[in-house]
Each structure stands twice: as C-alpha cells, then as structure tokens.
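Trainee: I have a structure to go through. Could you take my questions one by one?

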Amino acid sequence: MSQLHPNLDIDQANQDLQGKSPEEIVAWALTQAKNPIITTNFRPYESAILHLVAKQHPDITVLWVDSGYNTDATYQFANKVIRDLNLNVITYIPKQTAAYRDATMNGIPGIDNPQHDEFTDQVKLEPFRRALDELKPDVWFNAIRKDQTEFRQGLDVLSLSKDGVLKVAPLFEKTDADLDVYLDEHNLPNEFDYFDPTKVEESRECGLHTQL
C-alpha cells in the first residue's frame with residue numbers, strides 16, 4: 001500500500017486493466033493522478049508513449065534525464081518530437097560533466113568495470129532521484145514493455161516505486177510491430193541510432209526500474 005495511493009489495490013487494478021487498450025490505461029491512470037509525469041530517454045519508439053499520454057494530458061510534465069552521451073541523431077529526434085508534440089519537457093543532467101568522467105574514468109566504463117555502477121549512478125540514477133524528489137509526482141508514466149528484458153517479464157502494467165509513486169506502463173503488452181502500426185497511424189517519427197551507456201546491452205537493466 002502506498003501513502004500516495006492509500007485506497008489503491010494494485011493487484012486488483014492490474015487485473016481490471018487486463019485487455020484494456022493503452023488509451024484506456026492512460027485514462028484510468030490520470031484519474032489516480034494529481035501530479036503525473038512521463039519519463040523519456042528518446043530511445044526508439046518513444047514518440048508513441050509521448051503522443052499517447054500527451055493527447056490526453058497535453059501539459060503533462062515530461063522528464064528527460066539527459067546523460068550527455070546521446071547520439072547526434074537522438075538529440076535531433078528529441079528536438080523534433082518535443083517541437084511536434086509541443087511537450088512540456090523538464091531536463092535534468094548529471095552533476096558532473098562528461099569531461100570529468102573522461103578524465104577520472106577514462107571515458108565510459110565497460111559493464112565489467114567496477115566503475116560502471118558509479119558511472120550509472122552519476123549519469124542516470126542520481127539525476128532521476130533528484131528529479132523525483134523535486135517534482136514529487138504521484139503517477140509516473142513510462143514506456144517499459146514486457147518483451148524488452150527478462151526482468152520486465154515479471155512486472156505488470158502497474159507497479160509502485162520505492163517511494164510509492166504509481167508507475168504506469170500503458171504499452172506493456174505491445175511489441176515493436178504493434179508500435180510500428182501506431183507510429184504509422186499517427187504519422188510519428190522514429191529513430192534507431194540510439195545508445196545507452198548505462199545499459200550497453202539491450203537486455204540489461206540500468207537500475208532505473210529495479211532500484212527506484
């Protein structure tokens with residue numbers, strides 16, 4: 001039970017949402033929200049979740065933690081989506097610069113390097129913790145999907161963060177093929193030149209959904 005959602009039976013809510021469309025899941029979640037946010041990293045298919053939520057809540061706070069290591073294509077994609085959807089984006093960045101890590105960690109530590117956990121905390125987890133502490137959301141829309149990693153196969157549409165924020169994944173049951181159809185129907189852009197230095201491998205978790 002969450003202090004932010006004291007009357008919510010999350011197991012029952014997950015059962016009730018089985019078979020519901022992403023649009024219906026978003027609509028339900030917004031009834032639970034006083035201060036919702038949506039998080040994005042502008043990875044492939046992110047325009048789908050951003051469009052899905054923003055069409056029902058146009059001025060929702062969009063949290064982007066920019067690690068500083070995105071590709072040129074990702075930054076251009078981000079700017080296009082922000083402009084086209086008129087998104088209310090708040091950007092958080094690491095406290096240290098990439099130049100600092102280049103000097104102290106010799107660039108991006110590999111996943112077998114003991115410094116990788118500290119790198120991940122600096123560029124992603126600490127800015128996220130800071131953002132959640134300052135923005136104080138009660139509902140957190142995200143784009144996780146069941147077929148992305150083994151860990152996520154054990155999740156559900158709804159879950160609670162460590163601080164009791166209701167995490168909502170409207171696209172949880174969708175596949176890349178499903179999202180290709182959604183992007184085509186709504187004339188939304190996509191971009192595949194994306195790299196997450198905290199995950200490196202697509203099937204790894206960076207800690208965002210396991211620790212926060």
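What follows is a set of questions and answers on this structure.

Trainee: What kind of model is this, and which residues count where?
Mentor: Residues are numbered from 1 along each chain as its sequence is written, and side-chain values use heavy atoms, with hydrogens and water left out. The model is predicted: local features need pLDDT of at least 70, side-chain atom pairs count only at pLDDT 80 or more, and totals for chains, interfaces and linings use all residues.

Trainee: How many aromatic pairs are there?
Mentor: Rings of Phe, Tyr and Trp (its six-membered ring) pair if their centres lie within 6.5 Å; planes under 30 degrees apart count as stacked, over 60 as edge-to-face and the rest as tilted. By this rule the count is six aromatic pairs.

Trainee: What is the geometry of the pair formed by Trp-64 and Tyr-75?
Mentor: A pair of aromatic rings is described by the distance of the centres and the angle of the planes. For Trp-64 and Tyr-75 the centres are 6.1 Å apart and the planes make 50°, so by the cut-offs the pair is tilted.

Trainee: Where in the chain do Trp-64 and Tyr-75 lie?
Mentor: Helices (H or I, at least four residues) and strands (E, at least two) are DSSP runs, numbered from the N terminus. The two residues are eleven apart, and the pair links distant parts of the chain. Trp-64 is in strand E2 (residues 61-65), and Tyr-75 is in helix H4 (residues 72-85).

Trainee: Is Trp-64 buried or exposed?
Mentor: Buried means under 20% relative accessible area, exposed over 50%, partly exposed in between (1.4 Å probe, protein chains only). Tyr-75 has 23%, so Tyr-75 is partly exposed. Trp-64 has 6%, so Trp-64 is buried.

Trainee: Which residues do ring pairs link into a cluster?
Mentor: The pair of Trp-64 and Tyr-75 is tilted. Ring pairs link these residues and others into a cluster: Phe-42, Trp-64, Tyr-75 and Phe-77.

Trainee: What is the phi of Phe-42?
Mentor: Phe-42 lies in the loop between strand E1 (36-40) and helix H3 (46-54). Phe-42 has 0% relative accessibility, so Phe-42 counts as buried. Phe-42 is not a glycine, yet its phi is positive, at about 60°.

Trainee: And what is the phi of Asn-187?
Mentor: Asn-187 is in the loop between helix H7 (176-185) and helix H8 (208-211). Its relative accessible area is 70%, so Asn-187 is exposed. Asn-187 is a residue other than glycine, and its phi is positive, near 55°.

Trainee: How far is Lys-167 from the ring centre of Trp-140?
Mentor: A charge sits over a ring if NZ of Lys or CZ of Arg is within 6 Å of the ring centre and within 35 degrees of the ring normal. The charged end of Arg-145 sits over the ring of Tyr-45, 5.6 Å from its centre. Lys-167 lies over the face of Trp-140, and the distance to the ring centre is 4.9 Å.

Trainee: Why are the buried residues of helix H1 on the same side?
Mentor: The buried residues of H1 (residues 10-17) are Ala-13, Asn-14 and Leu-17. They cover an arc (of the directions from the helix axis to the C-beta atoms) of only 100°, which puts them on the same side of H1. An α-helix has 3.6 residues a turn, so residues three or four places apart point the same way. The arc around the axis is the value to keep: only 100°.

Trainee: Which exposed residues are on the face of H1 turned away from its buried side?
Mentor: The buried side holds Ala-13, Asn-14 and Leu-17. The face turned away carries Asp-11 and Gln-15.

Trainee: Is Leu-132 buried or exposed?
Mentor: Leu-132 lies in helix H6 (residues 116-135). Its relative accessible area is 14%, so Leu-132 is buried.

Trainee: How far apart are the C-alpha atoms of Val-62 and Ala-103?
Mentor: Val-62 lies in strand E2. At 1% relative accessibility, Val-62 is buried. Val-62 and Ala-103 are 41 residues apart along the chain, and their C-alpha atoms are separated by 32 Å.
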